[in-house]
Amino acid sequence: MEKTKLGISVGLMGAIIFLIALGGGMTPLLLLAGYVFFKEENVWLKKNAVKAIVVLLVYYIAYYALGLIPDVLGVLLDTIGLVGLNISLSFINNLIYILRDAVSIVKTLILLLSGLAALNMGTVKVSFIDNLIDKHMN
């Protein structure tokens with residue numbers, strides 16, 4: 001079993017990366033990924049560090065893009081309300097909250113399953129993310 005320069009297995013380091021992404025957020029993940037890029041030589045580990053970053057970035061983009069929808073509609077409806085028409089956004093807001101929760105669940109599942117698979121130096125295939133990483137890291 002291949003070891004990192006810290007003395008732990010590469011698979012365990014991969015699992016740590018995904019679990020840090022799940023629980024710690026972007027700053028600790030970037031610090032750990034920076035260590036991996038500059039100090040470690042294992043390509044699998046580097047790709048998994050990039051994958052964890054990309055999963056979080058896709059999550060943040062989707063989550064906040066969904067949050068823009070009620071904001072934009074609110075501005076439009078407030079403008080329409082100036083002429084005396086009142087329209088409710090409660091259905092759309094509830095739908096957006098459900099979609100945001102679904103995006104959060106998908107992120108959690110991807111990172112958790114990836115962390116568990118990484119223990120055996122495996123991976124969870126997320127096609128569009130894996131294709132993006134393969135395209136830019138080769």
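1. In this note a residue is called buried when its relative accessible area is under 20%, exposed when that area is over 50%, and partly exposed in between, computed with a 1.4 Å probe and protein chains only. S114 is placed in helix α4, residues 90-118. Leaving aside residues up to four places away in sequence, S114 touches F18, L109 and V124, where a contact means heavy atoms within 4.5 Å.

2. The model is predicted, so local features need pLDDT of at least 70 and side-chain atom pairs count only at pLDDT 80 or more, while totals for chains, interfaces and linings use all residues. Residues are numbered from 1 along each chain as its sequence is written, and side-chain values use heavy atoms, with hydrogens and water left out.

3. The protein chain contains five helices and zero strands, and from the N terminus its elements follow the order α-α-α-α-α. The radius of gyration is 20 Å, well over the 14 Å that the globule rule gives for 138 residues, so the protein chain is more spread out than a compact globule. This radius is taken over C-alpha atoms, and the globule rule is 2.2 Å times the number of residues to the power 0.38. Helices (H or I, at least four residues) and strands (E, at least two) are DSSP runs, numbered from the N terminus. Along the principal axes, the C-alpha atoms fill a box of roughly 70 × 25 × 25 Å.

4. Of the 138 residues in the protein chain, 36% count as buried. Among contacts with a separation of 6 or more, 68% come from residues 24 or more positions apart. The protein chain exposes about 8,400 Å², of which carbon and sulfur atoms supply 69%; the areas come from the Shrake-Rupley method with a 1.4 Å probe, and for residues only the protein chains shown count as cover.

5. The structure holds three aromatic pairs. The ring centres of Y59 and Y63 are 5.5 Å apart and their planes stand at 35°, so this pair is tilted. Rings of Phe, Tyr and Trp (its six-membered ring) pair if their centres lie within 6.5 Å; planes under 30 degrees apart count as stacked, over 60 as edge-to-face and the rest as tilted. Y59 and Y63 are separated by about one helical turn because they are four residues apart in helix α3, residues 43-81. Y59 is buried at a relative accessible area of 13%, whereas Y63 is partly exposed at 23%. Y63 also forms an edge-to-face pair with Y64, at 5.3 Å centre to centre and 85° between the planes. Y64 itself is exposed, with a relative accessible area of 51%. One aromatic cluster is formed by Y59, Y60, Y63 and Y64.

6. M121 deserves a separate remark. This residue lies in the loop between α4 and α5, and its phi is near 55°, a positive value in a residue other than glycine. Most residues other than glycine have a negative phi. M121 counts as partly exposed, at 35% relative accessibility.

7. The last point concerns N138, which is placed in the segment after α5 (127-137). N138 is exposed, with a relative accessible area of 73%. N138 and V72 are 66 residues apart in sequence, and their C-alpha atoms are 40 Å apart in space.
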